[in-house]
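Trainee: Could we walk through this model together? I'd like to see how its parts meet.

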Protein chains: 2
Amino acid sequence: MASIKEIAKAAQVSCSTVSRALNHKKGVSTEVRDKIIKIAEDLSYFPHSGARSLVQNRAGVIGVIIPRTSEFAFQSPFYNHVLLGLSEMAGRHDYNLMLIINDSRSYTSFYYRHQVDGVIVVGNRINDERTIELAEKNVPAVIVPGFPEGEYQNLATVNSENFKSTHRAVSYLIGLGHRKIAFVLGSMSSKYSFERLEAYQKAFREHDLDYDPAYVAESDFTKTDAYRLMGELLDLDQPPTAVICINDTLTPGVLQQIFSRGLKIPQQISVVAIGCSDLLDLVLPPLTTVRVPAEAIGQTMARVLIQLIETGHCNKRHTVIPTDFIIRESTGPAIGQGG
Amino acid sequence: MASIKEIAKAAQVSCSTVSRALNHKKGVSTEVRDKIIKIAEDLSYFPHSGARSLVQNRAGVIGVIIPRTSEFAFQSPFYNHVLLGLSEMAGRHDYNLMLIINDSRSYTSFYYRHQVDGVIVVGNRINDERTIELAEKNVPAVIVPGFPEGEYQNLATVNSENFKSTHRAVSYLIGLGHRKIAFVLGSMSSKYSFERLEAYQKAFREHDLDYDPAYVAESDFTKTDAYRLMGELLDLDQPPTAVICINDTLTPGVLQQIFSRGLKIPQQISVVAIGCSDLLDLVLPPLTTVRVPAEAIGQTMARVLIQLIETGHCNKRHTVIPTDFIIRESTGPAIGQGG
DNA sequence: TGCAACAACGCAAACGTTTGAGCGATTCGC
DNA sequence: GCGAATCGCTCAAACGTTTGCGTTGTTGCA
């Protein structure tokens, strides 16, 4: 409500001086500055962000795009944790978040329409032409996941260490004597499904073992489907002695199938979860987990984007965040296996 | 990038005409209008929202404040679903969402600093002075939950039907013969814990029964605490034959305690969940649930706020959204009870 | 023919802020 | 003690829109 003019009048100085005083720029004496600041507080003055963005070409807002249905975005712990990291880091640098969910329009149009300073895309699809447009129009942007073909000045990526972590988990299970290791994947159009499957295969090869494709199930990422698929896997003549769940959404479905059959974990089947959900922390026994650092992903994305916005370049265009492999009580030696 | 000026030059008209043409106001011939619109598209023009908000005093942005830690906000399905409803309804009316989580500053300052058109507070604490400030400064705002003392022109509330739904659930359990009905509450400083407990008590009174406070447990809203409390409840000399979980965060803890003891649901204990989490839908057996319509709450909040913003008043200052009581398979007749 | 009404458009002010240029007054260096 | 640098401040332009008012040209009506 109160504008810089009223403060200027009250303090008997010009607008310029008020602006400089409030922004702590030099060129204003301490007495005048203190006086102005006091008046501004008394009048409960807040700068008009629109006017400011007009002249400064900076809005102090980061656009966050989640190209998923709202349902999906808010149900998956991954997005929640990324948002958490984003909001934390953005807040620390005095940026706010503008949220766009399930908008079919171009990312670039969003950037222009809302005068955000940069754009973050969470859950980028492989080969989404909108990401390329973003890069070609030189919009400061950070995406997860994905490595675009070209090298663009203003486009950065953040990924989690999919291959390595999955590889470690599978190797661990093999080391425990497991050979029939079920792997409940999501859709293979998803980048990380693909990477993690490769890791799975490589771990088998490294131990001079063949892996049986029958134990790899491709789901549509829903709990229901995971429940169904796990049922099919357990109905095999040689049911798996271990199972890996590729993400948070699937894990409950797999677990419920196991629980419903009264199978003991880890005595009868070992379980490894990949994901970031805390909701599963209370599952008994505590699950051996590949923890995807979604919060750190969000933080990093925000940090890189802000650097991109403010300096026009970034130190690392492609960041890979390491995952943790946490061995807890849901995994144990395979039974009835040759070791 | 492209401004209205460039379009004006290209179309050989004045800025005014361009503005009028693009905003579909009258005073411009159809030929000129079409020409301008075409040029605007070719130049991929987007109006500068800052400049627009400067002169129109409207930003097209709704501020969403969640006065919780980021962890809490993003873990609880309630907030997620409210956000879902908000984003859906806001999008439909061409508003965007600006998200503020865990900001200790005044709500009013947020309103002014970011030139949002109105403010939504999700998870208002009883007697939070910041809400009152919002109302007193006449900022268009909608809050959940809560009924402030005074009647303020620009402050509206949305609540879910806490009392009625809980009452119905408890009555149902009593009808099934249950007498020792555990109730795992959250903190009593929370409005809905309080309301729901009252409903619980009233249901007992109405059936001419005394309720035993020993079965009411006040938690700190965490899974861990719920797990612990449910353990204590089951260790009672006369363990409960039914349990009601007051919200999504608690339910997994309670369930895990039950599962870990190998108790059969509903043969040995009936379970009623209050909440909106879909994650629990896959729990076996499917839970009898008081479904809190968080998504509808979000939608309603957005709708009311937009009305408040655009017309300066709203039809209903206090909206109460009904809850559903969904009877599924986790509840059954009490065993070893006199009926 | 004369005049009112109206449509289509341009002009310029206004929104609130930042910032380079400019201008006295004081201080500094030598 | 004189020019140069510095300080503290003001002026005014600029950012991109919208919009009331004015102007021109056309049409309608008597």
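Mentor: Gladly! Taken over C-alpha atoms, the centres of domain 2 of chain A and domain 3 of chain A are separated by 29 Å. This is a predicted model, where local features need pLDDT of at least 70, side-chain atom pairs count only at pLDDT 80 or more, and totals for chains, interfaces and linings use all residues. Residues are numbered from 1 along each chain as its sequence is written, chains are lettered from A in the order written, and side-chain values use heavy atoms, without hydrogens and water.

Trainee: What are the bounds of domain 3 of chain A?

Mentor: The bounds come from an automatic or database domain assignment. Chain A is divided into domain 1 (4-47), domain 2 (61-160 + 294-322) and domain 3 (162-292). For domain 3 of chain A, that gives 162-292.

Trainee: How many residues does domain 3 of chain A bring to the contact with domain 2 of chain A?

Mentor: Contact here means heavy atoms within 4.5 Å. Domain 2 of chain A gives 11 residues, and domain 3 of chain A gives 10 residues.

Trainee: What area do domain 2 of chain A and domain 3 of chain A bury between them?

Mentor: Buried area is the accessible area (1.4 Å probe) that two parts lose on being put together, summed over both. Of the area here, 62% is on carbon and sulfur atoms. The total is about 950 Å².
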